[in-house]
Amino acid sequence: MSTPNGFPQHSRVCLTRSVEGGAVQDLQAKKAGKAAKKEARGEGAPPKIGTPISETLKLLPEELKANMKIKSITPRPPRKPRLERAASLDEKSWRKWRRFRTSQESLTDPNETSSSNGSLQEASPSPPTRGRASPCNPCCQQDSSHSSPDALEASPVGKSRGGASDLGKRASEISSAFGGLLRGKGFAGGKPRLSQIMPARPLPPMELNVASHSLRTANRIDSDCLDYRHYSQHKFGRVSSSLSDSKLQGNGTLYDNCSTDSMKSTFSVLTPIRAKDVRSRSYLEGSLLASGALMGAEELSRYFPDRNIGIFVATWNMQGQKELPVNLDDFLLPTDPDFAQDMYVIGVQEGCPDRREWEIRLQETLGPHYVLLHSAAHGVLYMSVFIRRDLIWFCSEVEYATVTTRIVSQIKTKGALGICFTFFGTSFLFITSHFTSGDSKVNERKLDYNKTIQALTLPKNVPDTNPYRSSSSDVTTRFDEVFWFGDFNFRLNKDRETVDSILNQNPDTDVSKLLVYDQLTSEMSRGSIFKGFQEADIHFRPSYKFDIGKDSYDTTSKQRTPSYTDRVVFRSRYKDDIQAVKYSSCPVIKTSDHRPVFALFRVKLRPGRDNIPLAAGQFDRDLYLIGIRRRTTRELQKRLEQKDQRSSSICSIS
C-alpha cells in the first residue's frame, strides 16, 4: 500500500520495553538525532519493503536491546534532495517571471493592479527561497514547522507523523502552479495581466521643431475636447503609459494620443472632433463666443494665439515692360524677417501686357503654401491677393470696385482699384492707385484721392463690421483696416542738384533731409489728403526715376528729380491695430524706372460671426497648378545645369 506521494507505507510494529536509567534515554536521543541528519542529507536509505522488524533490531547494539523501548516509527524516504531540486527550478522560474511582471506593471488595468506583494499574496504563491519551502496559503502556514528542514532538525523524528505526505502535496502544488504560469496560464480566479508592449497604432513621424510667428496652425486643443484622452482610453483601451513622455518630448516626437497632446508641440496637429459635435455645429449661424462658430473666438485663437496676422503689401510701377524679372524672391521674400507672412497683396501700375503671366510668376515664387484668393484689374492696374492655403476657410466673399480718374483716355492708366473682404471678424480694404503725374500737379492728385474715396462702392454684399462708425462719403471709414498703396506721383520740391548732393552725402539710410521737401508728407500733415492715414518711417532712397537696368537716376535730357512717388499708407478704426514692421524698397529689380516698394505689417484680428457670405475655400486652382509645375520644372532644370557643369569641367595640368 502506498502513500499519496508514492512512497511505500510499512506496517507499524509496536514493541514495548521498559527503559531503565536516564543515561540510556539520552544515548537513544543522540543516536536518533544523528540518524535523522544523515537521512536528511541523503546518506541514509529507507528500509526495504518487507524487511522484518527483527532485522531492524539487529542494527542496534546488544546492550541496548534489553533496555530500549521502541516507539511507533514510520520510515521516511529522502526528501531533502528532491525538495532542493524542485525549489531551485521554481526559484529560477519565479525570478524570471517576476522581472517580466515588474516591467509590465504599467500596462495592467489600474483597477486590478496593486502592490507587488499584495497582488502576489492574493493571486499567486510566494516565491520559494533556497533551502526551504515557503508557505503559500494559511494551511501551509500552519504546517510550516513540518516542512522546514530546520524544524526537522529541532524536533524528534517521532513527532513528524504525516509530514512526508503533506510536504509532497505542497511541492506538487508549487510545481504545477509555476508550470501553468510558464505556459502562459493565469492563476485560478485571476485574469491575464500581460498586455501588448507596443501601442495600438504607430507613432507619427518626427517633424522639424520650428518656432514660427506665421506657422502656428492648430496649436491648441478645443476646450470641448479636453476630456478626449480620458474618453479614448476608457472607450478604446489604448495604452501609452509604457512610452516615456520625457524621451518623446525631448526627441520632438508626438505621443500615441497625439491629438490631445498637440498643445505640447510646436507644429500643426489636427484636433479630434466627436460625432455629436459635428451634428450640433452649424456654420450658417453663430456668435462671437459660440464654441462651434467657424469665425468665432476659439477658431481664431487656435490659428492665431496672439490674434495678429502678418501682411505683406507691395506696389510697383512696371512701366509697361514685357520683360519680367528673372527672380522675384528678393521682392516677395526678403531675408529680414526670417519668416514669410500670412497674406501677400501686390499692386501694379502700368502693368505688363500679359497679366496672367505675371500672376503665374507670383504663384511660382510663393510656392505651394499660398493660393490666389482673388485678383482684379482696371486697365493696366493689377492687384493680386495671396493667402496661406489653410486660412482660406475664414474669408468672406471677395468684392472689388474700380474708379477712373482720367475720363478722356481710352487706356485706363490712371485711377484706383479696390478689393475688400472680411477675415474672421476683421474687415480689410486694399486700394492701389495711380495718380496724376507732374511735379506741380499737387491739386490734381488731391482731386484723384477725393474722387476715389467717394466713388469706390464697397462693400456690396459683405456686411459692415461697425456701421455706426462708417460714412457714406468716404469708403475708407467703412472698414476696420485699410491699406492704400500705389504710384501717388508726389515729388520732392527741390532741384536736381540739391537732391543729388544730399544723396551723395548720405548714401545709406539717412534721408531725413530729403523728406523735408516731400509733397505727400507736407499735404498729409495739413490734413488735405489721406485723412486718418499713417505712413511708416522711410529709410530707403527715392524709388523714382532710374535708368532701366542701372542704379543711376535719370541721366536723360529731362534730368527728372529723384522722388518718393511709390508709397504705402494705412489707417485703422481702432488705435494701434496696425503695427509697421518694415518699410523698404527692392533695389535689385531694375527692369523699370521705378523700384518696387513694400511694407510688412502686424494686424490685430477680432472674432466674427458666421452669418456672412463665405468664400468657402474658393481660390484660383488652375493658377495654383501651373505655378507649382513651373516651380518644379525650374528646380529640375537648375539641378540638371549644375550636373552638366560638373561633368563638363576640364582640369588642365601645367
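A salt bridge is a side-chain nitrogen of Lys or Arg within 4 Å of a carboxyl oxygen of Asp or Glu. I note at the outset that the model is predicted.

**Entry 1: Arg-630 and Glu-357.** I looked up this pair and found that their side chains meet in a salt bridge, with N to O at 3.0 Å. Arg-630 belongs to helix α20 (residues 621-648) and Glu-357 to helix α15 (residues 355-366), so the pair ties together parts that are 273 residues apart in sequence. I then checked accessibility: Arg-630 counts as partly exposed at 30%, and Glu-357 counts as partly exposed at 23%.

**Entry 2: the count.** How many salt bridges does the structure hold? I recorded 24 salt bridges.

**Entry 3: Arg-388 and Asp-342.** Here the side chains form a salt bridge of 3.5 Å, N to O. I located Arg-388 in strand β4 (residues 381-388) and Asp-342 in the loop between α14 (329-332) and β2 (343-349), so this pair ties together parts that are 46 residues apart in sequence. Are these residues buried or exposed? Arg-388 has 8% relative accessibility and therefore counts as buried. Asp-342 has a relative accessible area of 0% and is buried.

**Entry 4: within helix α15.** I found a salt bridge between Glu-364 and Arg-361, whose closest N and O atoms are 3.9 Å apart. Both residues lie in helix α15, three residues apart, which is about one turn of the helix. Glu-364 and Arg-361 are both buried. I also noted one network, in which salt bridges that share partners join Arg-355, Arg-356, Glu-359 and Asp-620.

Note on methods. Residues are numbered from 1 along each chain as its sequence is written. This is a predicted model: local features need pLDDT of at least 70, side-chain atom pairs count only at pLDDT 80 or more; totals for chains, interfaces and linings use all residues. Side-chain values use heavy atoms; hydrogens and water are left out. Helices (H or I, at least four residues) and strands (E, at least two) are DSSP runs, numbered from the N terminus. Buried means under 20% relative accessible area, exposed over 50%, partly exposed in between (1.4 Å probe, protein chains only).
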